[in-house]
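The sequence and the model are shown first.

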Amino acid sequence: MHTMFTIALLTGGIILAIQVLLSLVGIDRSFTDTDFDVSDGHSPALSGAELLSVRSLAAAAALFGATGLALDRYMPALVAALPALLAGFGGAVLNAYLTRFMLRAQSDGSLRLANAVGATGRVYLPIPAAETGTGIVQFELQGRTVELRAVTREGADLPTGAAVLVVAVDPAGETVEVVSTSSIEALS
């Protein structure tokens, strides 16, 4: 058993060390993060498949070996194997949980124009009345200042600097429909 614990510790430790070294030079994702993940991203029943990643299995082997070697001195090897198995499984579960937590924290940073509805901004280039042409509006969206083409259904042109509210985004996501905030205030 002592040899098995040593082999597990060395194998898991070497694989983890290689992953750390490769991640330091930035090539960890393409060579070492091979997963057997069969999760479809929607099924909670399959979401535990991260336990089968190379990193999780290496952590499980290293903790199994280290715990087994530590306990092997004080108890029979077969008795030491049970807490070693629990430690290895706990390491794999912890790795899967931390991996999932870090992946949730990622953001793609893509601009989603659907989120523009309800945003307020200013007219940058005049917007012709009654959807007879387009102008440019400037507003904050997802923490960025964006400029988009804009149309309005109002009866008067919206001049440069007028405060506007985005009320719709065209399906192509290239133009927004705006109304003057002064016309909204007049209605209320």
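At what angle do α3 and helix α4 pack, and how far apart are their axes? The model is a predicted one, and in this model α3 and α4 (residues 77-104) pack at an angle of about 150°, with their axes 7 Å apart.

## Helices α3 and α4

With an angle of about 150° between them, which lies over the cut-off of 145 degrees, α3 is therefore roughly antiparallel to α4. The two helices cross in the right-handed sense.

On the α3 side, the residues that meet α4 are Arg-55, Ser-56, Ala-59, Ala-60, Leu-63, Phe-64, Thr-67, Gly-68, Leu-71 and Asp-72. They face Ala-77, Ala-80, Ala-81, Pro-83, Ala-84, Leu-85, Ala-87, Gly-88, Gly-91, Ala-92, Asn-95 and Ala-96 of α4. By class, the contact of α3 with α4 holds 14 nonpolar, six polar and two charged residues.

Is Asn-95 buried or exposed? Its relative accessible area is 14%, under the cut-off of 20%, so Asn-95 is buried. Apart from neighbours within four places in sequence, Asn-95 is in contact with Ser-53, Arg-55 and Ser-56.

Leu-52 is located in the loop between α2 (28-31) and α3. It has a relative accessible area of 43%, which falls between the cut-offs of 20% and 50%, so Leu-52 is partly exposed. The C-alpha atoms of Leu-52 and Val-93 are separated by 9.8 Å, while the two residues are 41 residues apart along the chain.

## Helices α1 and α3

Helix α3 (residues 54-72) also packs with helix α1 (residues 2-25); their axes come within 7 Å and cross at roughly 140°. The crossing of α1 with α3 is left-handed.

The α1 residues of this contact are His-2, Met-4, Phe-5, Thr-6, Ala-8, Leu-9, Gly-12, Gly-13, Ile-15, Leu-16 and Gln-19. Those of α3 are Val-54, Arg-55, Ala-58, Ala-59, Ala-61, Ala-62, Phe-64, Gly-65, Ala-66, Gly-68, Leu-69 and Asp-72. The contact of α1 with α3 divides into 14 nonpolar, seven polar and two charged residues.

## Gly-65

Gly-65 lies in helix α3 and is among the residues that contact α1. With a relative accessible area of 0%, Gly-65 is buried. Which residues does Gly-65 touch, leaving aside its neighbours within four places in sequence? They are Phe-5, Ala-8 and Leu-9, and these three are listed on the α1 side of the contact with α3.

Gly-65 and Phe-5 are 60 residues apart in sequence, yet their C-alpha atoms are 4.1 Å apart.

## The strands

The strands form a closed barrel of five, in the order β1-β2-β3-β5-β4, with mixed pairing. From one strand to the next the twist averages 55°.

Strand β1 (residues 120-125) pairs antiparallel with β4 over three bridges, and Arg-122 has Ala-163 in β4 as its bridge partner. β1 also pairs antiparallel with strand β2 (residues 135-141), over four bridges; here Leu-125 stands opposite Ile-136 in β2. Strand β4 (residues 163-169) and strand β5 (residues 175-180) run antiparallel and are joined by five bridges. In this pair Val-166 is opposite Val-178 of β5.

## The chain as a whole

How many helices and strands does the protein have? It has five helices and five strands, and from the N terminus the order of the elements is α-α-α-α-β-β-β-β-β-α.

Of the 188 residues in the protein, 30% are buried. Among contacts with a separation of 6 or more, 55% are between residues 24 or more positions apart. The pair Gly-65 and Phe-5, 60 residues apart in sequence, is in contact.

Notes
Residues are numbered from 1 along each chain as its sequence is written. This is a predicted model: local features need pLDDT of at least 70, side-chain atom pairs count only at pLDDT 80 or more; totals for chains, interfaces and linings use all residues. Side-chain values use heavy atoms; hydrogens and water are left out. Axes are lines fitted to C-alpha atoms, for helices over the stretch in contact, and angles run from 0 to 180 degrees between N-to-C directions. A crossing is left-handed if the near helix is turned anticlockwise from the far one by less than a right angle, and right-handed if clockwise. Contact means heavy atoms within 4.5 Å. Ala, Val, Leu, Ile, Met, Phe, Trp, Tyr, Cys and Pro count as nonpolar, Asp, Glu, Lys and Arg as charged, and the others, Gly among them, as polar. Buried means under 20% relative accessible area, exposed over 50%, partly exposed in between (1.4 Å probe, protein chains only). Two strands pair if DSSP finds at least two bridges between them. Angles under 35 degrees count as roughly parallel, over 145 as roughly antiparallel, 65 to 115 as roughly perpendicular and the rest as oblique.
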